[in-house]
Amino acid sequence: MKRFKIFSTIILIITINLSAQTGLINKFEIKQDDLTITRPAQPNQYMDKIGQKAALLGYENGSFEMWIWPWKVLRNFEIQFFVGTTTQPIPAKDILRDISVTPEATTLTYVYESFTVKEIIFVPHDKPGAMILLDVNTTTPLTIVPGFMPVMQPQWPAGIGGQYSYWDDGMNAYVISESQQRGLFLCGSPVAQQMAAPPAHMFADNPIQFKIDIKPGDAKNNFIPIAIAGSPVKTKYDSVKTLYKNLLGNVEMFYKKNCEYYENLRNSTVEVITPDEKLNLAFEYGKAALNNLIVENATLGKGLVAGYGLSGGGGRPGFAWYFGGDAFINSLAMNSYGDFSTVKEALEFTQKWQREENFPIRKKNPTDKVIDIGKMAHELSQSDGLVDWWNDYHFGYNHADTSPWYLVAIGDYFRKTGDIEFIKKSWKSIVQAYKWSLSKDSNGDGLMDLKGAGLGVLEFGSLVHIFNDNYTQSLWTQGIKEVNLMAKYAGDKEIENETEKLFPKARQALEKIFWIDDLGFYSFGAAEDGKQVRDKNIYSSTSILFGLSDEKRSVSTIKQFNESDMATDWGIRNLSNKSSLYDPTNYNYGTIWAFTSYFIAGAQFATHFNLQGYQTIRNTAQHVFDYGLGVAPEVFSGDINTKLGEAYHDQGFSISGYVFPIVHGLIGLDVDALNNKITFAPKLPADWKFLKVNNIKVGNTTANAECRVQNGEMKLLMDINSDKEIDFEFNPDFELGAEINSVTLNGNKLDYEFIKHEQAYQLKTNFKLKGKNELVINYKSSIGIYFLQSVTPIGATNEGLKIISQELDGNKLIINCEGKTNRNYELGVMNYELIQNITGGELKDGKLIVNIPGKGTDFVKHKVEITKK
């Protein structure tokens, strides 16, 4: 037995050494877990793998472009296969079968009659490079030929000349660079052989290729590695070779580090577990996608970019440069699930580019007066340094809403972390942004306006230069509130007193300027003379999300936004299709942005339109599975469920569009580190029997909460891993008509408040706790409706039933809805045995069937009345 062990060890050592000598990599396990998404590959569908220093952007057919920030190293990387001695190529894209995605790696499977190849792609999260591992099983000799077009182009708007490439025999790789060697990269494989001799001092017109010969059995226990790596700044070639060799020599280690990185992200932030498994999966992929917005540029530092997409023959990889507004928008989503360190880094990065007297835009003359001190930057190309971004281009500070967004984002971070030291350190920056915004109040009404300030939420069209922009002015009002709180802790009495007076003034102005009394909803904007925009526009929900608007008026507004001229089966239009400005493919005037679900879903939950809020979230999250797996595109048609051609493929705030309202609205989670407090206000759909929320961080305390619902009992189980008591508010919503019998905490009676909102009832209670606890609510449940699970196919038009509102009139539940005529719509019904009678619908097999009579193809308003026994 001992001799056998020794013999086995010798064989293992020989195998490892042979692998090292041949350049192959010993096979290791590729992780498959509950986050794995596998489906038949769609050759023309987008895919990406992202690290902090590099990004591989391509298609599911295996073709991709490679970026090592800020350089586009190559494009059109593709693989061909040759069987035996044939000269007939088999393009990988022609034999593509499946795609399997996890946050750390993507696997493409190619199948032919004599071989199968799995292409495993990952980008080390902290290295400037990418790895491709080929898992080959072949019954005949096989030649693998990767090829690509070298590019060596910096990100837009920079441009250079003098690019070149050549084959390095010692590295078995192509070298890609330019005459000044401001970036230097390698692409190859230890087992590669040269197939092309590129011309000197220029790029060839055709792809450059290398080949890898494999005999049956050669790769049975090994991966064939291909590496792309290099330096984005000027350095010695030896250091690039060292980096390249390090990646190839430690492939398994870097893969496992990727796995550990995403596993840590998952386990250190809020985890949401619901009966809706697809929503759970979308939430976890959302956290990974938002974290992938971190880009560490060797020249500029580490911050959040806006998103990613294919650049084709150009230099714009989606919106993969630094956008202040996008960073602040996404910060609220990241704060909601507790990725505080990333948010802090993002905030610090944006502070570096805040407008100063002579930086980053330089005065043309020493006597020039700078009027925009304190304004936050809108965007920064990663090519700054190769070009003079701030002084030669006019995009840097062209948005007004970025500065109030900064105040909102840093205030949100402060409340959730209690990071007083950071606020004190940032106080000068905060005050400058506040004062700049305040200086844009040209008429003294307490609201900053767009006159001379820059762009608001729109970037073109007839409403772009409107004086009062509800979106921007709501952000400013919320920003005043946040500055007031921060001033208390920064010890700035002057700012504290000023904002104490300014906040109610600004709120009053919001109501006066934007409420349209005869139409019953808040306007998108108003001209300087007070003339209001009278078309429904989704951005009016911003003030409702932040709780700045009158409660009854907010309810009236959301009712109208739930109608079919706004609501579709794949999201909410940014503009009513009844508007004369409506165009379903117009970027700003009729399309559907996943990003706007951030506001409308949040506002729906804030006004207790919980059924509609959940539907908005589900429709938005579905995009994570319909296009590039695990990411969401930027913008969709308002009439057809499809991504616009101009839309980039992986947009960060599209992910925030469902992640933020899941946490903020659906599960109703909020943490207040300043007061050591957790608020948990779940709005459970009627068919949900449980909800688990883990890894809730407040200060140094971690809490887990589980909600169970069954037979007139709601049970909350809380586990607080601290000996120190925390304040806890539990404010769940119930269906209309529910009645509370008792509330106990650990067997002791607990006082509560029961509020009857128009769309739902809500119990409110608060208490102190530590350790393990059990809260039990005994109640008499009533009739509740819910949407059944469904998926809107790509290419579909708007057909689904729209629930506009519900109301309770005595023992009647009235459902106001819209739908197409002469078709059966099905809704789930909770406690259908309590139903005595239904008008406007019928009960069948426990489901509510709604068939709206009439003619035509338009949506028709309809009312269903359910009488309770």
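This is a predicted model: local features need pLDDT of at least 70, side-chain atom pairs count only at pLDDT 80 or more; totals for chains, interfaces and linings use all residues.
Good morning. I begin with a strand pairing: strand S41, residues 739-745, and strand S45, residues 771-780, pair in the antiparallel sense over six bridges. Within this pairing, Val743 stands opposite Ile777 in S45.

An open sheet is formed by seven strands, in the order S19-S36-S37-S38-S45-S41-S42, and the pairing is antiparallel. At the edges lie strand S19 (271-273) and strand S42 (748-749), each of which pairs on one side only.

I turn now to the helices. The axes of helix H3, residues 251-268, and helix H4, residues 277-291, come within 10 Å and cross at roughly 120 degrees. The two helices, H3 and H4, are therefore oblique to each other. The crossing in which H3 passes H4 is right-handed. Which residues meet there? From H3, Tyr261, Tyr262, Leu265 and Arg266 meet Glu284, Lys287, Ala288 and Asn291 in H4.

The structure holds 58 aromatic pairs. In one of them, the ring centres of Phe122 and Tyr255 are 5.7 Å apart and the planes stand at 70 degrees, so the pair is edge-to-face. This pair links distant parts of the chain: Phe122 lies in strand S10, residues 115-122, and Tyr255 in helix H3, 133 residues apart.

Thank you for your attention.

Notes: Residues are numbered from 1 along each chain as its sequence is written. Side-chain values use heavy atoms; hydrogens and water are left out. Axes are lines fitted to C-alpha atoms, for helices over the stretch in contact, and angles run from 0 to 180 degrees between N-to-C directions. Helices (H or I, at least four residues) and strands (E, at least two) are DSSP runs, numbered from the N terminus. Angles under 35 degrees count as roughly parallel, over 145 as roughly antiparallel, 65 to 115 as roughly perpendicular and the rest as oblique. A crossing is left-handed if the near helix is turned anticlockwise from the far one by less than a right angle, and right-handed if clockwise. Contact means heavy atoms within 4.5 Å. Two strands pair if DSSP finds at least two bridges between them. Rings of Phe, Tyr and Trp (its six-membered ring) pair if their centres lie within 6.5 Å; planes under 30 degrees apart count as stacked, over 60 as edge-to-face and the rest as tilted.
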